[in-house]
Amino acid sequence: MSATADLRLSFAVRPLTPKLGAEISGIELAKGVTPQVFRAIYDAFLRYQVLLFPPQDVPPAAQVAFARQFGEVQVHVMSMYHADGFPELYRLSNLDANGKPTGEHPDKGTLAWHTDGSWQRITGQVTIIYGEIVPETGGETHFCDMYGAYERLSPEWKARIANRRAVHNLDFSRTRRHGRDLMTEEQKREKPPVEQPIVRVHPETGRDCLYLGDHAEYIVGMPYDEGRALIEQLNALAVHPDLTYQHRWRAHELLLWDNRCVMHRATPYDPTTQARVVRRCTVLGEAPVGRVFR
Ligand SMILES: [Fe+2]
């Protein structure tokens, strides 16, 4: 039997939509993933952009170990979210010390379409999220395909954004979505705004993606308000129902996605009556490279 056949037998891939997302079954992540199986998972990750693993126990250490197979795991600047003694894990929970809902949504920034880590020079590659407790209604995670978002722009839109760069700023998006400034002066100094290309070349597939989202604040060389309006329009234009996957969580699922070619958002839930506890980590990718148009 060839190595390829062995790999085919080791897990099953079921597309979640015609264009985006696949479920991977037959892998127990807590037992660790061999390099050969990891390569096959990684191929599926590049092809489907979003991967779902069905409910299983994934302890924090196993989640971090799996993430490290993708690359260097980010330690998030907002240290208040660090989980289980693992600075790589970031827990989003609306429960108090007694396990009761606090009524507070822990990160309102996740409700707007965005891509993780676009606010730093080295942006997010994969984000891996594990659902410890999920609400009965709401708290879904939605994804949209940014290859398709770029492909479907009109020639006029493509011409408007060719060779343009946007400034991404975590302080801008946090303050905007929470209605108050959450970052300390030290955190702001540590993570100053950065310029990113709007048309990003995926470093592995070589395909062009629209690269914006909620952390994008303004456009270099364009009046601030004009750039703001253009970003808002493009973020809305990027979402096509047939290029979107809407994930309704079951507890103990693990979901991961490629931040270089999808945007995601969480949907609201009632944080006064429902519990939602998820832990996530993001692996660092690379500094984005823009498509050069002549
Ligand atoms: Fe996110």
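Are tyrosine 42 and phenylalanine 70 buried or exposed? Both are buried. The note below starts from this pair; the model is a predicted one.

1. Aromatic pairs. The structure contains 11 aromatic pairs. One of them joins tyrosine 42 to phenylalanine 45, with 5.1 Å from centre to centre and 55° between the planes, a tilted arrangement. The two residues are both in helix α2, which covers residues 35-48, and they are 3 residues apart, or about one turn of the helix.

2. Ring cluster. Ring pairs connect Phe38, Tyr42, Phe45, Phe53, Phe66 and Phe70 into a cluster.

3. Charges over rings. Two arginines deserve a look. Arginine 207 places its charged end over the ring of tyrosine 147, at 3.9 Å from the ring centre. Arginine 280 lies over the face of tyrosine 90, and the distance to the ring centre is 4.5 Å.

4. Sheet β9-β8-β12. An open sheet of 3 strands runs in the order β9-β8-β12, with antiparallel pairing. Its edge strands, β9 (194-197) and β12 (216-219), each pair on one side only. On average, and with direction ignored, neighbouring strands of this sheet are turned by 40° against each other. Strand β8 (residues 165-168) is joined to β9 by 4 bridges, and the two run antiparallel. Histidine 168 is found opposite valine 194 in β9.

5. Glutamine 120. This residue is in the loop between β5 (86-93) and β6 (124-133). Its relative accessibility is 8%, so glutamine 120 counts as buried under the 20% limit. A polar atom of its side chain lies 3.3 Å from the backbone oxygen of isoleucine 122. The side chains of glutamine 120 and lysine 191 are joined by a polar contact of 3.1 Å. Once neighbours within four places in sequence are left aside, glutamine 120 is in contact with Gln74, Lys191, Val194, Gln196 and Leu284. Val194 in this list is the valine that stands opposite histidine 168.

6. Sheet β13-β7-β15. Another open sheet has 3 strands in the order β13-β7-β15, and the pairing is antiparallel. The edge strands are β13 (244-247) and β15 (262-266), each of which pairs on one side only. Neighbouring strands in this sheet are turned by 15° against each other on average, direction ignored. Strand β7 (residues 141-145) pairs with β15 over 5 bridges in the antiparallel sense. Within this pairing, histidine 142 stands opposite arginine 265 in β15.

Note on methods
Residues are numbered from 1 along each chain as its sequence is written. This is a predicted model: local features need pLDDT of at least 70, side-chain atom pairs count only at pLDDT 80 or more; totals for chains, interfaces and linings use all residues. Side-chain values use heavy atoms; hydrogens and water are left out. Rings of Phe, Tyr and Trp (its six-membered ring) pair if their centres lie within 6.5 Å; planes under 30 degrees apart count as stacked, over 60 as edge-to-face and the rest as tilted. Buried means under 20% relative accessible area, exposed over 50%, partly exposed in between (1.4 Å probe, protein chains only). A charge sits over a ring if NZ of Lys or CZ of Arg is within 6 Å of the ring centre and within 35 degrees of the ring normal. Two strands pair if DSSP finds at least two bridges between them. Axes are lines fitted to C-alpha atoms, for helices over the stretch in contact, and angles run from 0 to 180 degrees between N-to-C directions. A polar contact is a pair of N or O atoms within 3.5 Å; within protein, one must be able to donate a hydrogen and the other to accept it, and residues adjacent in sequence count only if both atoms are side-chain atoms. Contact means heavy atoms within 4.5 Å.
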